[in-house]
Each structure stands twice: as C-alpha cells, then as structure tokens.
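Open the model in your viewer and keep the selection tool ready.

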Amino acid sequence: MLIIKTYLIFSMLAIIWFDVRHYIIPNWLVSSLLALYPLAVWMAKIQVDWPMALVGMLIVFAIGCVVFARKWMGAGDIKLLTVCSLWTGFHVLLEFVFLVAILGGVLSLVLWVGRKILLASGKFSAAKLPRILREGEPVPYGVAISIGFLILIFSEKI
C-alpha cells in the first residue's frame, strides 16, 4: 500500500503543478487514479466498503454535472473531485467536501487579494504576470481539491 499512497501523493502534486501552470488537469492522470482504485481495494488489509464509496462518487458526479453546467467549476475539477471522492469513501466524503470548500475559499480569497495588490502596485504589467496572478482569471480549483486530498492522506483517513 505504500507504493499506492506514494503514487497518490505524487499525482496530487502533479495535478497542482498542471493546474497552476496550465489550468488543465490531465485526463490520463485522473484516469490513472480511477484505474488504481480496484487494485488498492484488493490489496487493502481491512475491509473496504467500495459499494458505498461508489455511491458517494456517483452523488458527487451528479452534483458536479450541475455545477459544471452552471460554469461554477471546470470539467477537470469535477472529474478530479469525483475520483477523489471514490478514494475517500462514503464515511469521509462530507469531511473531504467541506475541506475542499474551505481550501477553495481560502485560495480564492488569497488570489483575489494578491491580484489586487499586484495590480495596484504598478510594478507589474498584467501581460508579464503568470496567468494565475492576472486579474479576472479563474481559480485553479484543482489545487484545493488536491490539497484537501493530501491532508486526508497524511491524516491517514485514506
């Protein structure tokens, strides 16, 4: 299981990097997390309630479809949130969603304030700033999802 947890950690770090740099969460990375889940269930030392984890994942996906349709989050964020909810299982799902919401709010606030400060300073032109620091750009919510997932990994809830 150590190898699987290590892969999960490095995958979340890679997702953070891709989302901050390119505003993209690669499908191959999210798909690999989904494909690895059955192996993790099979290798687990304790009984995994995978049917309820699947139910939780489907609930997150259904709500995510509405959120995406309203353009509140991107498709990559919804896919990542859906797959991560499978890994958290139903018993930790609400904690995970709450954690992601808090982290997403903090990230949004930090970016909003930081962008205003950079713009007001007059030292930087918008064109020279990285996209994440430009006024009006979206929040890379995959960062909040990944950090929330990492917190659960390191607190040994996953």
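This is a predicted model: local features need pLDDT of at least 70, side-chain atom pairs count only at pLDDT 80 or more; totals for chains, interfaces and linings use all residues.

The lining of the largest pocket holds 15 nonpolar residues, four polar ones and five charged ones.

Where is the centre of the largest pocket? Select Ala44, Ile46, Val48, Lys157 and Ile158: of the 24 lining residues, these lie nearest the centre. Now show the helices. Those that give two or more residues to this lining are H1 (2–22), H2 (27–43), H3, H4 (75–88) and H5 (90–121).

Next stop: the second largest pocket, with a volume of about 220 Å³. Its lining has 17 residues, and the closest to the centre are Asp19, Tyr23, Gly74, Gly76 and Asp77. Which helix gives the most to this lining? Select H4, which supplies four residues.

Select Met52, Val55, Ile59, Ile63 and Phe90. Together they make a nonpolar patch of about 410 Å². Highlight helix H3, residues 50–69: four residues of the patch come from this helix, the largest share.

Last, zoom in on Val55, a residue of H3. Why does Val55 count as partly exposed? Its relative accessibility is 36%. Buried means under 20% and exposed means over 50%, so a value in between is called partly exposed.

Definitions and conventions: Residues are numbered from 1 along each chain as its sequence is written. Side-chain values use heavy atoms; hydrogens and water are left out. Patches are made of residues with over 30% relative accessible area and no salt bridge: like charges are joined within 9 Å, nonpolar side chains (Val, Leu, Ile, Met, Phe, Trp, Tyr) within 5 Å. Accessible areas come from the Shrake-Rupley method with a 1.4 Å probe; for residues, only the protein chains shown count as cover. A salt bridge is a side-chain nitrogen of Lys or Arg within 4 Å of a carboxyl oxygen of Asp or Glu. Buried means under 20% relative accessible area, exposed over 50%, partly exposed in between (1.4 Å probe, protein chains only). On a 1 Å grid over the protein atoms alone, a cavity is a set of points where a 1.4 Å probe fits but cannot get out, and a pocket is an open set with protein on both sides within 12 Å along at least five of seven lines; lining residues have an atom within 4 Å of a point. Ala, Val, Leu, Ile, Met, Phe, Trp, Tyr, Cys and Pro count as nonpolar, Asp, Glu, Lys and Arg as charged, and the others, Gly among them, as polar. Grid points are joined across faces, edges and corners, and a volume is the space filled by probe spheres set on the points.
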